[in-house]
Amino acid sequence: MNRNGRQQYKHRIFVRRLCTLDYLDKNKSTLYRQLYAKILACGPITVADYMKEVLTHPTAGYYTTKDILGQKGDFTTSPEISQLFGEIIAIWIINEWRKISKESIQLVELGPGRGTLMNDILRVFKKLNLSNKISVHLVEISPVLSAIQAKKLCAESNDNNSDSFKDEENAFYRRGITKDGVKAYWYYSVYDVPRKFSIFVAHEFFDALPIHKFQKTDKGWREVLIDIIQDTKEERFQYVLSRMPTPACKVYLSPREKRDHVEISPQCSVMMDHLSQFLYECGGFALVIDYGHEREKTDTFRAFCQHKLHDPLLKPGTADLTADVDFLSMKEVAEKDDRLITFGPVTQRTFLQNTGIDLRLKIILQNATDTQKQHIQSGYHMITDKDKMGDCFKVLSLFPFILKDHLKKWPVAGFEDETEAK
């Protein structure tokens, strides 16, 4: 077949596929149709592109269009399971803050869910008469979730387009005030948070950032891509390998890599670089809690729908997409050029027990009814037991490098053994 013949053949194939797309317009979801059309026009896409579209598409994305947490959602988190979690995080924040500063702080949460963790933290600050020392800054891309957060946290809130809240000099899109007088602000990006002394909390945030997947073959490294499936009645895509090494293979893979399958999140590294520079220049510290590993795992990309594992390539937009966080990569970025010093990761079980959750449990149970005791103990075991959330979640803390000697004298709570070793 000559060149013109090949072009005509490709044109007929493309027209036939467009006819298939017309069929999709009537029977498939908006997000599936858009992904299908994109792949049809441009070829297979990366897993990172797929995750970004599925999770954060402005009008059809999983995070941007629905309340995805709790029993009626697709997954639940430690703060939703037990108030003990948020209370212990609050005590840890106050303990570490008072070691290094007495000035007011910006309390920043990345991906605050339904606002439960921040609500529990604010309750502890109120009990300790510290509400006048903080402002709350929430990084949230979902209009649905930000409205839920505002309702839970604030006595009054409104978006930045309102005449009463107009403030063109700042990048927040919503602001409010709690019933205890704490000012709260919402941002679409962490890069918009004001550059002041800040304490960052990121709970189940980094695991949702897009990843690239790579597979080692007998011809070298290839990127795992996502392609359409012809003549299927399901809203399903498929994995394929790139024919040649992609630019991502050359940029992100280390020549020392020994695993056969690798997942890398460039966005995670970029965001960690920003946080590191922020803390280095402005002061403060950060706590990261997430599914994760230290570069020993391989294929962790998965989906959850109605609290069960789900095929991530089936019915995009109906399930949460996630991949385990590479904590070793985060530590390497943070420690570069002696900007930060890191502690952990340790298991969630170790961190919570080292920071006094057992004592707090004992105190709460003293005044609880039998029904309340059962619920409290059940939540405690869910977030601490090794076969539940206790071991699969890891905790990492980050502090400015200038505090290295100070933190040897006053070890970071929850990471004491590691602090002493450093």
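Arg123 counts as partly exposed because its relative accessibility is 27%. This value, like the others here, comes from a predicted model. Arg123 forms a salt bridge with Asp120, and the closest N and O atoms of the pair are 2.9 Å apart. Asp120 has a relative accessible area of 6%, so Asp120 is buried. Both residues belong to helix H6 (residues 116-127), where they are 3 residues apart, which means that about one helical turn separates them.

Side chains of opposite charge can pair when their charged atoms come close.

## Salt bridges between distant parts of the chain

The structure holds 18 salt bridges. In one of them, the side chains of Lys126 and Asp180 meet, with 3.5 Å from N to O. This pair links distant parts of the chain: Lys126 is in helix H6, while Asp180 is in the loop between strand E5 (174-177) and strand E6 (183-187), 54 residues apart. Lys126 counts as partly exposed at 43% relative accessibility. Asp180 also counts as partly exposed, at 34% relative accessibility.

Another salt bridge joins Arg339 and Asp273, whose closest N and O atoms are 2.9 Å apart. These two residues again come from distant parts of the chain, 66 residues apart: Arg339 is in the loop between helix H10 (327-335) and strand E17 (340-347), and Asp273 is in helix H9 (residues 266-282). Is Arg339 buried or exposed? With 6% relative accessibility, Arg339 counts as buried. Asp273 counts as partly exposed, at 35% relative accessibility.

## Helix H13

Helix H13 covers residues 370-384, which is 15 residues.

Which residues of H13 are buried? They are Ile376, Gly379, Tyr380, Ile383 and Thr384. Seen down the axis of H13, the buried residues fall within an arc of 115°, and therefore they line one face of the helix. Asp370, Thr371, Gln374 and His375 lie on the other side of H13 and are exposed. The buried residues of H13 pack against several helices: H4 (78-81), H5 (83-100), H11 (348-354), H12 (357-366) and H14 (386-390).

Asp385 is found in the loop between H13 and H14. Asp385 counts as buried because its relative accessibility is 18%, and the cut-off for buried is under 20%. Leaving aside residues up to four places away in sequence, Asp385 touches Arg349, Gly390 and Asp391.

## A sheet of three strands

An open sheet is formed by 3 strands in the order E14-E13-E15, with antiparallel pairing. Strand E14 (308-310) and strand E15 (320-322) are the edge strands, and each of them pairs on one side only. On average, neighbouring strands of this sheet are turned by 40° against each other, direction ignored.

Strand E13 (residues 302-305) pairs with E15 in the antiparallel sense over 3 bridges. Which residue in E15 stands opposite Ala303? Leu321 has that place.

How values were computed
Residues are numbered from 1 along each chain as its sequence is written. This is a predicted model: local features need pLDDT of at least 70, side-chain atom pairs count only at pLDDT 80 or more; totals for chains, interfaces and linings use all residues. Side-chain values use heavy atoms; hydrogens and water are left out. Helices (H or I, at least four residues) and strands (E, at least two) are DSSP runs, numbered from the N terminus. The expected span of a helix is 1.5 Å times one less than its number of residues. Buried means under 20% relative accessible area, exposed over 50%, partly exposed in between (1.4 Å probe, protein chains only). The arc is that of the directions from the helix axis to the C-beta atoms. Contact means heavy atoms within 4.5 Å. Two strands pair if DSSP finds at least two bridges between them. Axes are lines fitted to C-alpha atoms, for helices over the stretch in contact, and angles run from 0 to 180 degrees between N-to-C directions. A salt bridge is a side-chain nitrogen of Lys or Arg within 4 Å of a carboxyl oxygen of Asp or Glu.
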